[in-house]
Amino acid sequence: MRVRNERGVVFPSPVVMLSVVAVAMAGIAYVATQSETPAEREVATVSQPQEEPKPSTRVPAQRLPTKKPPTIKKAEPVVERGKVYVEVYNNSGITGLAGATAAQASDAGWQVVGSDNWYGTIPASTVYYPQRLEAAAKLLALDLGIGRVVPAIDPMDLDRLTVILTADAA
């Protein structure tokens, strides 16, 4: 048998050829622009000279009364305690703390819909609120003697206030 010994040239695809040409052009452009120093330009501000009005056209300034406009106070939103849902959670390890606080909130007129234990780390007793219930959260915190009021976080329900109690609430 005769061994075939064929030799030839393999031409690369057009995409590879265009890529090589593009890289070469970029390299040439980079080298060509390196020797140029950036030109600094001085910017001069041009302003028009102010013309003084002629004495005959000058009008004396009139003093207007310096009466302060009346300040308009925003009306505080009215919070109806019985229409706001409240959940109370115990994060203190003190047995019955959530139940006692839920009873205190109910006695103040809040609609308590549940109490349970909370598992996680909370720095201090807190009332969590959805944005639309911020005023109600502040009122609930006053009613319960809680000093920390912050926006609700996941996984809290966004249709109610969530109270999480720590040992400082005991």
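Predicted model: local features only at pLDDT ≥ 70, side-chain atom pairs only at ≥ 80, totals over all residues.

**Entry 1, Thr-101.** I looked up Thr-101 and found its place in helix H2. Leaving aside residues up to four places away in sequence, I noted that Thr-101 touches Val-88, Leu-144 and Leu-165. Is Thr-101 buried or exposed? I take buried to mean under 20% relative accessible area, and Thr-101 counts as buried because its relative accessibility is 8%.

I then went along H2, residues 97-107, where the buried residues are Leu-97, Ala-98, Thr-101, Ala-102 and Ala-105. They lie on the same side of H2, because they cover an arc of only 125° around the axis. I asked which elements the buried residues of H2 pack against, and I recorded strand E1 (85-90), strand E2 (111-117), helix H3 (134-144) and strand E5 (161-165). Just after H2, I noted that Gly-109 takes a positive phi of about 105°.

**Entry 3, the whole protein.** Stepping back, I counted three helices and five strands in the protein, and from the N terminus on I read their order as α-β-α-β-β-α-β-β. Of the 170 residues, 21% count as buried, and the protein exposes about 14,300 Å², of which carbon and sulfur atoms supply 57%. For contacts between residues at least 6 apart in sequence, I wrote down that 73% join residues at least 24 apart.

I found Glu-80 in the loop between helix H1 (14-34) and E1. Glu-80 has a relative accessible area of 45%, so I list Glu-80 as partly exposed. I also looked up the separation of Glu-80 from Trp-110, which is 30 residues away along the chain, and found their C-alpha atoms separated by 8.4 Å.

My last search was for empty space, which shows up when a probe the size of a water molecule is rolled over the atoms. How much space lies in the largest pocket? I noted about 160 Å³. The largest pocket is lined by 12 residues, and those that lie nearest its centre are Lys-83, Val-84, Arg-132, Leu-133 and Ala-136.

Methods: Residues numbered from 1 in each chain as written. Heavy atoms only, no water. Helix = DSSP H or I, 4+ residues; strand = E, 2+ residues; numbered from the N terminus. Buried < 20%, exposed > 50% of the residue type's maximum accessible area, 1.4 Å probe, protein only. Contact = heavy atoms within 4.5 Å. Areas by Shrake-Rupley, 256 points an atom, 1.4 Å probe, with all protein chains shown as cover. Arc of directions from axis to C-beta. 1 Å grid on protein atoms, 1.4 Å probe; cavity = no way out; pocket = protein on both sides within 12 Å on 5 of 7 lines; lining within 4 Å. Points joined across faces, edges and corners; volume = space filled by probe spheres on them.
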